[in-house]
Amino acid sequence: MPIDLKKLKVNLEKKRSATAGFDIKVGENLIRVLPRSSKFFTGLDDDFCFEYGLHYNVGVDDETVECLKDSAGKGHCPVCSAVKRLYDTGLSEDKAIAHKMRMSRRRILNVIDMKEVDKGIQIMETGPMIYDKIAEVVVRAELFGDVLDPVKGRSFLLIKQPAEETKNGFVNYTVTPMDPKDMTPFLPKNFNAELDKLEKHIPAPRYTAEELTILLEGGIVEKDPESVAGDAGNTAPEPAVKAVAPEPVVSDDKTPKGAAVVADKTACFGVGFSPKKEECKVCEVKSKCVALFMES
Ligand SMILES: [Zn+2]
């Protein structure tokens with residue numbers, strides 16, 4: 001029996017949302033960013049988050065898939081390759097398709113919600129805007145000290161301003177470092193082990209390069225919702241792959257048919273957003289579109 005893709009997607013979304021522990025609320029949030037691992041205390045760690053890439057709107061079912069390049073941009077990812085080739089054609093319709101599939105960088109951090117410290121160490125997933133603002137403070141040790149340090153570090157006042165309250169119609173975040181504060185009374189006993197859990201939450205790629213190529217060409221890759229390509233191991237059976245109407249996304253044809261199915265629905269996706277447009281206000285993919293638009 002063919003797999004029910006709608007159910008598959010629901011399951012995957014559940015898995016994804018399980019990663020995002022800390023939810024940024026509208027208004028004031030007070031968070032303490034902690035090291036990404038216990039290696040911090042050895043002086044051998046030089047970052048405070050783990051990053052990975054996602055591609056949205058891949059294939060006929062608009063899937064979100066993990067980028068196969070590593071954080072340094074090394075490795076082969078068929079989606080990145082397709083995006084580059086689409087941009088290279090110089091055609092506006094190709095650019096629109098490329099824009100909505102291009103890699104979005106996401107990052108996960110260990111945080112404590114200072115308004116709900118009982119929840120312990122939580123994972124915060126964030127895009128570039130909040131990350132950049134926190135990073136600006138973290139790297140300025142001469143001004144702020146070591147903000148990640150549990151004893152001498154600082155919390156951040158993170159204010160989320162909803163789109164309807166900003167002048168440009170986009171959600172806005174401000175990040176302000178607070179006075180240093182000793183966090184040790186609020187930390188769990190197994191503090192180091194809790195910090196080290198973060199790395200396990202980096203999403204493992206669910207699709208191999210070959211499977212991503214099939215998706216890009218309009219095919220369907222059947223997956224067990226619980227399986228991921230990254231932990232398939234050597235003994236896992238080959239995934240059942242069924243190519244359906246394999247039209248190439250990138251071709252000499254000026255209107256690539258494989259992607260046109262998606263493009264027809266939201267040709268403006270990620271490029272034509274305006275908070276004042278009526279069609280944007282009621283658009284079902286508004287939040288993803290705005291996220292892409294903001295990164296451009
Ligand atoms: Zn990629």
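Student: Is asparagine 57 buried or exposed?

Tutor: Asparagine 57 has 26 C-beta neighbours inside 10 Å. A residue is buried with 20 or more other C-beta atoms within 10 Å of its own, exposed with 12 or fewer, and partly exposed in between, C-beta atoms being placed from the backbone. Asparagine 57 therefore counts as buried.

Student: What kind of model is this, and from which number are residues counted?

Tutor: The model is predicted; local features need pLDDT of at least 70 and side-chain atom pairs count only at pLDDT 80 or more, while totals for chains, interfaces and linings use all residues. Along each chain, as its sequence is written, residues are numbered from 1.

Student: Which strand holds asparagine 57, and what is its phi near?

Tutor: Asparagine 57 lies in strand β2, residues 50-58. Strands (E, at least two residues) and helices (H or I, at least four) are DSSP runs, numbered from the N terminus. Most residues other than glycine have a negative phi. For asparagine 57 phi is positive, near 60 degrees.

Student: How does the setting of aspartate 62 read, buried or exposed or in between?

Tutor: Aspartate 62 sits in the loop between β2 and β3 (63-66). Its phi is also positive, near 50 degrees. With 18 other C-beta atoms within 10 Å, aspartate 62 is partly exposed.

Student: Which residue of β6 is the bridge partner of asparagine 29?

Tutor: Strands β1 (27-34) and β6 (154-161) pair in the antiparallel sense over 6 bridges; pairing requires at least two bridges found by DSSP. In β6, the partner of asparagine 29 is leucine 158.

Student: With which residues beyond four places in sequence is valine 33 in contact?

Tutor: Val33 is among the residues with the most contacts inside the largest nonpolar core, which has 24 residues. Such a core is a set of buried Ala, Val, Leu, Ile, Met, Phe, Trp, Tyr and Cys residues joined through C-beta atoms within 7 Å. Contact likewise means C-beta atoms, placed from the backbone, within 7 Å. Leaving aside neighbours within four places, the contacts of valine 33 are Phe48, Leu109, Val111, Ile134, Val147, Leu148 and Phe156.

Notes
Contact = placed C-beta atoms within 7 Å.
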